[in-house]
Each structure stands twice: as structure tokens, then as C-alpha cells.
Amino acid sequence: MSVGNLTATRPPQPWTAPTASDPVAATLRLPGSKSMTARALVLGALASGPSTLDRPLRARDTELMAGGLRALGAYMSVSDDDRWLVRPHPLVGPAHVDVGLAGTVMRFLPPVAGLAEGRVTFDGDPHARTRPLGPLIGALRSLGVRIDAPPTGSLPLVVQGAGRVTGGEVVIDASASSQLVSGLLLAGPRFDRGVVVRHEGPPVPSAPHLRMTVQMLRAAGAAVDDTTPDVWTVEPGPLTGRGWEIEPDLSGAAPFFAAALVTGGEVTLQGWPRSSLQPVEQLRGLLHRMGGEVTLGTAGLTVRGTGTVRGLDADLSDVGELTPVLTALAMLADSPSRLTGVGHIRGHETDRVAALAKEFAALGADLTETTDGLEIRPRPLRGGTFRTYDDHRMAHAAAVAGLAVPGIEVDDVSCTSKTMPEFPALWSGMVTGKS
């Protein structure tokens, strides 16, 4: 299949993914969840009182979210890495929101901008203009928000905020991204009539992220009914400012856990809660099927490997973010793998399915790209340049493969700053035993 927009410019000095000579043994404290940080920032800006975020993620995506809300009038104090403060203020324009390449910013803040009084413009990185926004634009228009956007239903767009949103019931096809629903739900309590979002179309991917949205809304005092499949009702009413304890980021942890499987080692992620808003059980099951052991104890969430990676046949529609790392693991497995249900990740930072197929094929992999996933037949890989296409998850995949394959050079590891600026240092420290 065509890789479309898959283009990249090689920086002067590629990053060589370190190869592991021994089983890794590391205990790490990783940055906070991007998904939780983004939602807590939005809820804090819309609340009736101040909120705090303990151990938030400081990365490009979350700083863009904080910057966008600040541009709309909210007070954001993010100078302390361990605790951010959010104080709500009246939302006003004119304002400009730089979304970068962050799906959360481009889908969560247009509904918020409808509540502002004044003109709010949105734009971002060049590839951001190819990410699906049309269903959200149509939904907001039907709820009474005036939006100027290209016929393609994409960035750049202008929200002509009226200081209030009528709200009500809306039908949306959110099969491209669960964020299309989450954006409407997060702002819904502030709409005059609340919001009823009814999804019609193929299944909504990444269901755990929608559950996180609902749970965090309820924790902030919103009345949310999600008992009817594909229908979410948010009643109008105030949101309460509160303290948020941000969990470590599960997707960001995935490559480190994969390292335990590849090397037959052990990796512990500190600070993991007993009850998580993230899909820990799904990840636990997937890693177990691929030969790992996952336990949660007082030290944290621990993954142990045997040094043998097993092939996997799995529908990843709920956890599409894990596809790049699981693909890298599958390349090193002792039997074929089939990963399905991830057609929606073609609309992420890049077309991840096509990018993974192209880059691993260049290293000698035997794999087939399907409409909604990949079929992988393991065989020895060789070193070479692995392009990221400005996608942090692609860099994670290359790092995992590099544990067993010498000479894999990542063309731009700086793209990991999108969600984990510390990634290159943490990864190298883990592999060398200096973490």
C-alpha cells in the first residue's frame, strides 16, 4: 500500500539504538500519563476553582495543551516539574492555539474555544493538517458553535466563540479516534444543555481512553451516563477544582517493559497505583502471551522476561498506541504474529501501519501490511537507518529492535520529546545498567 505522506529529513547525527549484551535489570520512575495530564488540564481550566496536577507529564504535547488553555485565558503555573497549578478564568479571544502534532490539543480545545468570547484560531505542524477533524467540526456546528474550516474538514480552523455553547444531542462517527468523543464530553458540563454524544459508524477505537474521560469527569463532579453502548450523556453543571495524582504513562512504559522480554531481564516501574485509569490488564495480558510475567507489588509494576519472545495474534483496537512496540517484539519472536484492529493508527502522527511496514522491511523483515494491521514472519534483521517521520512511537519501536539487532540508527530520536524528553537517556541508562 502507498505510504502517502511518509517523508522525513535525516538530521546530521542519527541516534544509534544501544544493543543489550546482558539481561536488563532496572527500576525506573517514568513521566506521568499524557492522557491523564491533558484531561486534567482541560477539566482544571473549566472548573469553578483551582486544581493541582501532581507528577504531570512535561513534554511537548502537554506544554502545548497548557499553552492553548493559557491563550484562552486560564492561569497555568507549570514551572514546578512535580506540581502544576491551574486556576480558571473567563475564556476570551482573540487567541491562537498551536496544536503541534498533538491529537489531544486539536480535538479537546475547539469545544473549549466555543465557550470563549472571541475569535480563536487553530493550526499546527504540517502533518497535523492531515489528521481527521471533520466529525468534530460537524458536531460542534450542530451544537451551535460557529467554525470556519477548509472543505477537507481539517486544520487550520477558526472558532468564533460566543461565550456559550447551546449543547444538546449530536451524532458523530468517531471511528477515526476516541478523542473526537472525549473532546465533546470534557467541555459538555459547561454547555447550556450539556451534551449527548451518539456514535454511529464502525467501532470507536481506544475504548480505555473514553473510560478515562468518563471517570475523570465524574471525579470532577460531572454527571455522566455511559450505560447505553455508543451513547454518552453529560449533564450541564459546574466542575469542581481538585488535586489530580497523575499515573505513570503506560504507553511510554511499554518499550521499557518490552526490553525485559527481549533480553530476559526485569524492569520495574515505580509509583504505579493499585487502581489505574489506564489499560494495565490489556498490556499485562499481551505481554504474558508474548512470554513475559507481569506483577504489581509494593515496588511497582514489574515485567520479567525469559529471553524467548512468542508470536502474538491479537486485536489491538483498544490499545493501538502499543502497536509499534508490539511490532518490534514480534520481529524478534519465535513464531509469526498477526496484529489487527489498528486501521485507525494510520491517522496518528504518521500512518503508523505503513511506516512500520516500510522501515522494518528496510531492515530485512518479512511482513505484510494489511488494511487494519500487520502480519509478521520473524527472520534475522540487519542494522540500518530507521526513519521516525516525527513519530515518537516509531522511535520506541526502533529502540526495542535495537536491543537485539546491532547498528539500527534512528534518524531523529528528538521526536520522543513529544511525550518523553528523557527517553534517550533513560533508555541508554537501562541498557548499560546505569539507570
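Student: Let's start with Arg55: what makes Arg55 count as partly exposed?
Tutor: Its relative accessibility is 36%. Buried means under 20% relative accessible area, exposed means over 50%, and partly exposed is in between (1.4 Å probe, protein chains only). The value for Arg55 falls in between, so Arg55 is partly exposed.

Before we go on, a word on the model: it is predicted, so local features need pLDDT of at least 70 and side-chain atom pairs count only at pLDDT 80 or more, while totals for chains, interfaces and linings use all residues. Residues are numbered from 1 along each chain as its sequence is written, and side-chain values use heavy atoms, with hydrogens and water left out.

Student: Where is Arg55, and what is its phi?
Tutor: Arg55 sits in the loop between strand 3 (51-54) and helix 2 (60-71). Its phi is positive, about 55°, although Arg55 is not a glycine. Helices and strands here are DSSP runs, numbered from the N terminus: helices are H or I with at least four residues, strands are E with at least two.

Student: Which loop holds Asp230, and what is its phi?
Tutor: Asp230 is in the loop between strand 12 (224-225) and strand 13 (231-234). Asp230 has a positive phi of about 65° and is not a glycine either. With a relative accessible area of 36%, Asp230 is partly exposed.

Student: How do you know that Arg39 is buried or exposed?
Tutor: Set its value against the cut-off: Arg39 has 1% relative accessibility, which is under 20%, so Arg39 counts as buried. Arg39 lies in helix 1 (residues 34-46).

Student: What is Arg39 in contact with?
Tutor: Contact means heavy atoms within 4.5 Å. Leaving aside neighbours within four places in sequence, Arg39 is in contact with Phe108, Ser182, Leu186, His209, Met212, Thr213 and Met216.

Student: Why is the pair Arg129 and Asp123 called a salt bridge?
Tutor: A salt bridge is a side-chain nitrogen of Lys or Arg within 4 Å of a carboxyl oxygen of Asp or Glu. The closest N and O atoms of Arg129 and Asp123 are 2.5 Å apart, so the pair qualifies. Asp123 is buried at 16% relative accessible area, whereas Arg129 is partly exposed at 41%.

Student: What makes Arg218 and Asp226 a salt bridge?
Tutor: Their closest N and O atoms are 3.1 Å apart, which is within 4 Å, so the pair counts. Arg218 is partly exposed at 39% relative accessibility, and Asp226 is partly exposed with a relative accessible area of 30%.

Student: How do you know that Asp366 and Arg377 form a salt bridge?
Tutor: The closest N and O atoms of Asp366 and Arg377 are 3.1 Å apart, so the pair meets the 4 Å limit. This pair links distant parts of the chain: Asp366 is in strand 20 (residues 366-370) and Arg377 in strand 21 (residues 373-377), eleven residues apart. Asp366 is partly exposed at 27% relative accessibility, as is Arg377 with a relative accessible area of 29%.

Student: How many salt bridges are there, and which residues are linked in a network?
Tutor: A search of the whole structure finds 23 salt bridges. Glu321, Arg352, Asp391 and Arg393 are linked in a network of them.

Student: What share of the residues is buried?
Tutor: Of the 435 residues of the chain, 58% count as buried.
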